[in-house]
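Subject: Structure handover

Hello,

Here is the structure we talked about. Please open it alongside this note.

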Amino acid sequence: MTRGIYITGTDTGAGKTFASACLLHALRAQGLSAVGMKPVASGCAMTDEGWRNEDALALQAASSPRPDYALVNPFALPEPTAPEIAAARAGVALSLPPILAAYAQLAARADVVVVEGVGGWLAPLTATLDQSDLVRALDLPVILVVGLRLGCINHARLTARAIAAEGFAFAGWIGSAVDPALAFPDETFAALERVLPGPCLGRLPFAPGMDAAALAGHIVPGDWRCA
């Protein structure tokens with residue numbers, strides 16, 4: 001049975017894309033076909049092939065089989081700002097049907113679809129559409145990427161509670177070292193292990209420029225695929 005997972009973060013810059021790419025490689029190492037998806041991406045550059053987003057391209061590159069970009073990123077928005085603002089500036093009406101259609105095509109071709117969200121959990125897609133509406137429509141469990149930096153314990157607990165309050169399965173969390181100057185990183189990680197409700201699926205080191213495939217061994221996919 002095809003399974004999917006939704007990746008959210010404690011905030012923008014928590015490391016969702018790199019964690020998602022590492023997860024894709026970890027799933028592939030288990031013999032599964034796994035593809036990534038970034039339904040809404042703001043901050044795109046115009047290329048000969050159209051608008052392209054760096055995060056969506058990273059997910060496409062980590063996928064096997066390699067999907068068409070239009071399926072990975074149905075809504076590519078030029079401005080690097082909140083999706084609601086970026087869509088308005090681009091004159092684009094964000095809606096669920098194109099995303100659901102693209103997901104269905106990806107799910108038909110792979111064992112697992114890794115869907116990366118935008119910003120933090122409560123960052124809206126539009127004035128009337130929250131990320132939770134998309135996750136509910138896709139019927140996916142959620143993995144939280146915790147950017148390991150000062151304040152992350154509070155942000156992680158608040159996010160986990162919000163996910164649970166809306167009735168979603170919390171499949172686990174991934175620690176992502178985004179601040180090499182963080183004091184007491186091991187103690188911070190231990191505190192997160194103690195207070196978060198789901199299992200830790202991995203801890204990614206601070207490694208700018210590192211290929212996600214090289215760090216896939218830091219990720220241990222959970223049993224959400226059997227749900």
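Below is what turned up, starting with the overall build and ending with single residues.

First, the ground rules. This is a predicted model, so keep the confidence limits in mind: local features need pLDDT of at least 70, side-chain atom pairs count only at pLDDT 80 or more, and totals for chains, interfaces and linings use all residues. Residues are numbered from 1 along each chain as its sequence is written, and side-chain values use heavy atoms, with hydrogens and water left out.

Overall build

The protein has eight helices and ten strands. Both are DSSP runs numbered from the N terminus: helices are H or I with at least four residues, strands are E with at least two. The C-alpha trace spans about 45 × 40 × 35 Å along its principal axes.

Of the 227 residues, 51% count as buried. Buried means under 20% relative accessible area, exposed means over 50%, and partly exposed lies in between (1.4 Å probe, protein chains only). The accessible surface comes to about 10100 Å². Carbon and sulfur atoms hold 55% of that surface. The areas come from the Shrake-Rupley method with a 1.4 Å probe; for residues, only the protein chains shown count as cover.

A contact means heavy atoms within 4.5 Å.

Six strands form an open sheet in the order 2-7-1-8-9-10, with parallel pairing. Strand 2 (34-37) and strand 10 (200-204) stand at the edges; each has a single partner strand, so one side of each is left without a neighbour in the sheet. From one strand to the next, the twist averages 20°. Two strands pair if DSSP finds at least two bridges between them.

Look at strand 1 (residues 3-9) and strand 7 (residues 112-120). They run parallel and are joined by six bridges. Gly4 has Val113 of strand 7 as its bridge partner.

Helix 1 (residues 16-29) lies across strands 1, 2, 7, 8 (142-148), 9 (170-177) and 10. The helix runs at about 170° to strand 7. Axes are lines fitted to C-alpha atoms, for helices over the stretch in contact, and angles run from 0 to 180 degrees between N-to-C directions.

Salt bridges

How many salt bridges are there? The count comes to four. The rule asks for a side-chain nitrogen of Lys or Arg within 4 Å of a carboxyl oxygen of Asp or Glu.

- Arg52 and Glu49 meet at 3.9 Å, N to O. Arg52 is buried at 18% relative accessible area, while Glu49 is exposed at 65%.
- Arg89 pairs with Glu79, the closest N and O atoms being 4.0 Å apart. Arg89 lies in helix 4 (residues 83-90) and Glu79 in the loop between strand 6 (75-77) and helix 4, so the pair ties together parts that are ten residues apart in sequence. Arg89 is exposed at 63%; Glu79 is partly exposed at 34%.
- Arg203 pairs with Asp186, with 2.9 Å between the closest N and O atoms. Arg203 sits in strand 10 and Asp186 in helix 8 (residues 185-195), so the link spans parts 17 residues apart in sequence. Arg203 is partly exposed at 31%.

Backbone points to check

The Ser64 to Pro65 peptide bond is cis, with omega near 5°. Pro65 is in the loop between helix 2 (54-61) and helix 3 (69-72).

Asp139 is not a glycine, yet its phi is positive, about 60°. Asp139 lies in the loop between helix 6 (131-138) and strand 8, and is exposed at 61%. Phe184 also has a positive phi, about 55°, without being a glycine. Phe184 is in the loop between strand 9 and helix 8, and is exposed at 60%.

Finally, Ala191 in helix 8 is buried at 9%.

Best regards
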